[in-house]
Amino acid sequence: MRREIVLEQARFAKNGEAFVPVILPHTWNAQDGQDGGDDYWRGHGVYQIDLPAPTAGMRQYIQFEGANHVAEVSINGKKLGIHRGGFSTFRFELTDELRKEKNKLTVDVTNENCDVYPQQADFTFFGGLYRKVTFIEVQDAHFDLLKDGTQGIFVTPHAAGLTRVDAFPVNADGCSVVVDIRDADGDVVLSQEEKAEAHTVLKLEMDKPHLWDGVKDPYLYTVEVRLCKEGKTLDSVSTKIGYRSFHVDPEKGFFLNGRSFPLHGVSRHQDRLDKGWAISEADHREDMELIKEVGANTIRLAHYQHAQFFYDLCDEEGMVVWAEIPFISLFMQGQEAKENTLSQMRELIAQNYNHPSICFWGIANEITIGGESEALYRNLGELNALTKALDPSRLTAMAHVSMVPMNSEHVYLTDVLSYNHYFGWYGGEVDENASWLDEFHAKNPDRALGLSEYGAEAILTWHSEKPVNHDYTEEYQAYYHHEMLKIFEKRPYLFSTYVWNMFDFAADARDEGGCRGRNNKGLVTYDRKTKKDSFFLYQAYWTVKPMVHICGARFAERAPSQRDVTVYTNCDHVTLLINGERADEKKAVNRACVFTDVKLTAGANTIEARADGAAVDVITLYGVQKPNEAYSLPQGAGTAANWFDALGNEAKLEFPEGYCSIQDKLGDLLNHPQAGPMLEKMMAAMAERTGMGAGMQGMLKMLRAMRLSDIIKMAGNKFPAGMAVELNEKLIQFKK
């Protein structure tokens, strides 16, 4: 039978330095990938791993569950092969190259720039052997370990009960393939045996299977597949499966097992504070527990293939999953880059085919950010066709950057589509999400539409009684998400919505809001220790167990003008007590109660909220006379307050009527006989400096309908504050 040994000890070196002991999984960017500066190390790291002594008469393989981006593997100085792709499982056979003892595996891993996706995105690409490495021994006859990193078995269950098992044994002359399907109690409910062939197909029929029914009832069966000869089992593998059906209606949304099942959930990145991508099973479990606690019923696992362990958790917990490959942001020309998208999709589907949680295969994310082109469209078309050929049972999907036109040919490419919209954060107002969604739905009534990303940043330090866009306060994030939830509640045609993001994550190029190296759009902090107020807003909308949450615990010092208290709840009424005395009671409206001008005494005050007698929350607020300036983002800290606040300051920025300014749409400015040439010259210089070239032109084409001020906001720290003021001063010289 199989023998599997997880290898944890290794030696590591980079840049020709001396080897040092490390524990696997490992990344070399755990610190520099999260500290900001856009300077984390991208290069070649070399691992040396001592292998166990092989067992005579067995065949040996080495398995890697993730090595980013490219890995070249050698044994005792003999090259075994190269794997191109940082997120999927891959294996090499060792058998013919192993000595009886003292075998040394060498793995050269690189996360440097190359033609393997991703190469440009708003998150850190952690390098290294960041998932498990396993030494495997099997009998000569075994299920194929070199079939796209899978177990060599694929199970297709249908809700009506038909179950097809495709098994791929090797060296199996005279063998048979035996399949047992066990229920959740471990009892065998179906069994079948067939003569082993290179591709063995078994079909079993179950009468009225217990359905996998999402978070309500994620019932799983276990399929055991054995390779047998003369009554002896030579190899055995197993997988969990779920019987379920689903479809998407462009008008009514997502359906699971024939009933309406609106998908509301979160997106997830896999990294952790001080760990990068080298995380443990306990870390994965904690993430899942937090996602369950917020009340999500679906997860977009962005922007790459996640760990098998986490897909298993999604099966067990009933999460509907959108799984995708890292075909993201920057389209690379050339055959090798195109082949890499196809190979990553092939591995994603093959390795995750058996998971009932997965309903959507995402073929790309914001890939038109550098502009649309015929070559890109052909690449996407091939990806979509490959996906449908490999797995016609699931739906293809694509996450579009906000600026993709509503009638773009890309909108009609996949089975369903979603947009990443940030109206109310990077540009525009939050209510523009509603008007945009309704306009798209009216123009494309036959297209199933969702939101694959939406969000706003919140840093725990910053607070305001009058939050505004880009002040990075917890209060603005909560306001933004509350408005979005109201919008979703009135639009059942949205088949899915995904908060960006469940957790703060590393983006080493970022420096904003006074926080370097971080995207702070999470509902939970990077270390998973603190749930932001927005977390509890979603809990109020998505959960049924009585809950109540008082917002603003970190906005603790309250001056007389700052004493409104907001309470989130999924109950009907909330009673507020101050220092043990009943102060007020309100009926919840849109899952919230706002108690205005709460009476605080000087110093500490105990604020208690009770909802329908079933839920309680308590915080401490301090009555002070003057607002605490430490709650406001200082001028010049990050990119938020400096130039953005200046937009409302006429002493710095003027917008004379009848003249151009940064408040005009980019398209109108480019069409202006004087402003246009000036802007084009500036853009050409930016394109040369950034190396984007034609990509910059394509991006600007999509941005023509946006105000220049909003585009500047989207650019973040790549567009210095002073440049916005200088540009506006030039534009107001031109009469419209």
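This is a predicted model: local features need pLDDT of at least 70, side-chain atom pairs count only at pLDDT 80 or more; totals for chains, interfaces and linings use all residues.
The pairing of β20 (residues 221-229) with β21 is antiparallel and extends over 9 bridges. Within β21, Ser-238 is the bridge partner of Glu-224.

## Packing of helices α1 and α2

Two packed helices are described by the angle between their axes and the distance between the axes. For helix α1 (residues 281-294) and helix α2 (residues 308-317), the angle is about 35° and the axes lie 10 Å apart. The crossing of α1 and α2 is right-handed.

On the α1 side, the contact is made by Glu-281, His-284, Arg-285, Asp-287, Met-288, Glu-289, Ile-291 and Lys-292, while α2 contributes Phe-309, Phe-310, Leu-313, Cys-314 and Glu-317. Classified by residue type, the contact of α1 with α2 comprises 6 nonpolar, 1 polar and 6 charged residues.

## Nonpolar cores

The largest nonpolar core contains 126 residues, of which Phe-327 and Met-502 touch the most other members. When neighbours within four places in sequence are left aside, Phe-327 is in contact with Tyr-117, Thr-341, Ile-363, Ala-364, Asn-365, Ile-367, Leu-376, Asn-379, Leu-380 and Leu-383.

Another core, of 26 residues, lies apart from the largest one. Its members include Ile-49, Val-73, Val-109 and Val-133.

Terms used
Residues are numbered from 1 along each chain as its sequence is written. Side-chain values use heavy atoms; hydrogens and water are left out. Axes are lines fitted to C-alpha atoms, for helices over the stretch in contact, and angles run from 0 to 180 degrees between N-to-C directions. Helices (H or I, at least four residues) and strands (E, at least two) are DSSP runs, numbered from the N terminus. A crossing is left-handed if the near helix is turned anticlockwise from the far one by less than a right angle, and right-handed if clockwise. Contact means heavy atoms within 4.5 Å. Ala, Val, Leu, Ile, Met, Phe, Trp, Tyr, Cys and Pro count as nonpolar, Asp, Glu, Lys and Arg as charged, and the others, Gly among them, as polar. Two strands pair if DSSP finds at least two bridges between them. A nonpolar core is a set of buried Ala, Val, Leu, Ile, Met, Phe, Trp, Tyr and Cys residues joined through side-chain atoms within 4.5 Å. Buried means under 20% relative accessible area, exposed over 50%, partly exposed in between (1.4 Å probe, protein chains only).
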